[in-house]
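I opened this notebook to keep track of what I looked up, one entry at a time.

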Amino acid sequence: FLFTLVQGIQFSFIPSPVIVIHQVAVYYCSVNHTGVSVQWIVNNTASTDLSITEKGIVTHGAAEMDSNISIPGVPEFNNTIIFCIASGTVDDESFFDTRNATLLIQGLLSNVGDLICTTINVCCFVCSWTIPYSLPEVPILGFNVNITSEKITLLHTNSTELSYCPSDFGIYNISVAGLNDGGEGLTDSTQITLPLVLLSNVQVNIEKDNINQWILHITIQVYYVIHVIIIIVTTAINGNSFITSH
């Protein structure tokens, strides 16, 4: 808020804060003397000019004591300089004063940085990343994390790190995008593999039967580690016979 007192005239100017793409910026300007009125200049062009109004800029109270101007939050108007000009006659003397501000528009967020995923153990992995740049006045509302293999899992987090334990081994594609009031930003992607883990146990036993022949017993146990489930496949070899159980 800018307030000045010139020649006894109160001249106030309230610029718009930083906005996010698709929002609307509103600037206010007023004087307290009937001999003075305000008008707006947008990048050196009067706000009432057709080249300005056809782009969606709307002026309320042009050439009046109290006025405001609305500017759509589109990339074209980022870094636009907005002038409020107060002019008129006060006690037979010319009055002129001006104030200006630059409109800043935060677009959708760019890619997150340094996205990397590593396995925690045979069942889980963790992904981390750095936040994308955003104007200081515009908060980042979190991150969408998309994890895909044969199915799609969409998660949301306010952190820059996420741990995940899928229900099966395989190749996982991970994409991360930041969020602000404008929506979801650009995505960054990586890939990680949770391999099928096999653990085996072999037991060998030799004994004589009742007719004094040697019998070889071999037991093989194979453990398939899938998430927190362990599937045991046992194969026993007894002489010339084969028995398999699950």
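**Entry 1**

Are cysteine 29 and cysteine 84 buried or exposed? I looked this up with the caution that the model is predicted, and I found that both cysteine 29 and cysteine 84 are buried. I then checked their sulfur atoms, which lie 1.7 Å apart, and noted that the two cysteines form a disulfide. The pair links distant parts of the chain, since cysteine 29 sits in strand E4 (residues 24-31) and cysteine 84 in strand E9, 55 residues apart. For the handedness I read the angle about the S-S bond, which is -90 degrees, and the link of cysteine 29 and cysteine 84 is left-handed. I reminded myself what such a link is: a disulfide is a covalent bond between the sulfur atoms of two cysteines.

**Entry 1: the sheet that holds E9**

I followed strand E9 into its sheet, which is open and is formed by four strands in the order E6-E5-E9-E10, with antiparallel pairing. Strand E6 (45-46) and strand E10 (93-103) stand at the edges and have a single partner strand each, so one side of each is left without a neighbour in the sheet. Between strand E5 (residues 36-42) and strand E9 (residues 80-90), which run antiparallel, I noted seven bridges. As one example I wrote down valine 36, whose bridge partner in E9 is glycine 88.

Next I turned to cysteine 117 and cysteine 127, which form a disulfide with their sulfur atoms 2.0 Å apart. The angle about the S-S bond is 110 degrees here, and the link of cysteine 117 and cysteine 127 is right-handed. Cysteine 117 lies in strand E12 (residues 113-119) and cysteine 127 in strand E13 (residues 125-130), so this pair ties together parts that are 10 residues apart in sequence. Both cysteine 117 and cysteine 127 are buried.

I also wanted to know how the two strands are arranged, and I found that E12 and E13 form a hairpin with five residues between them. The strands E12 and E13 run antiparallel and are joined by five bridges, and in E13 the bridge partner of glycine 113 is threonine 130.

Where in the chain do cysteine 124 and cysteine 165 lie? I first confirmed that they form a disulfide, with their sulfur atoms 1.8 Å apart, and that their link, with 105 degrees about the S-S bond, is right-handed. Cysteine 124 is in the loop between E12 and E13, while cysteine 165 is in the loop between strand E16 (161-164) and strand E17 (170-180), and the pair links distant parts of the chain, 41 residues apart.

Cysteine 123 has a relative accessible area of 12%, so I recorded cysteine 123 as buried.

Technical notes:
Residues are numbered from 1 along each chain as its sequence is written. This is a predicted model: local features need pLDDT of at least 70, side-chain atom pairs count only at pLDDT 80 or more; totals for chains, interfaces and linings use all residues. Side-chain values use heavy atoms; hydrogens and water are left out. Two strands pair if DSSP finds at least two bridges between them. A disulfide is a pair of cysteine sulfur atoms within 2.5 Å. Buried means under 20% relative accessible area, exposed over 50%, partly exposed in between (1.4 Å probe, protein chains only).
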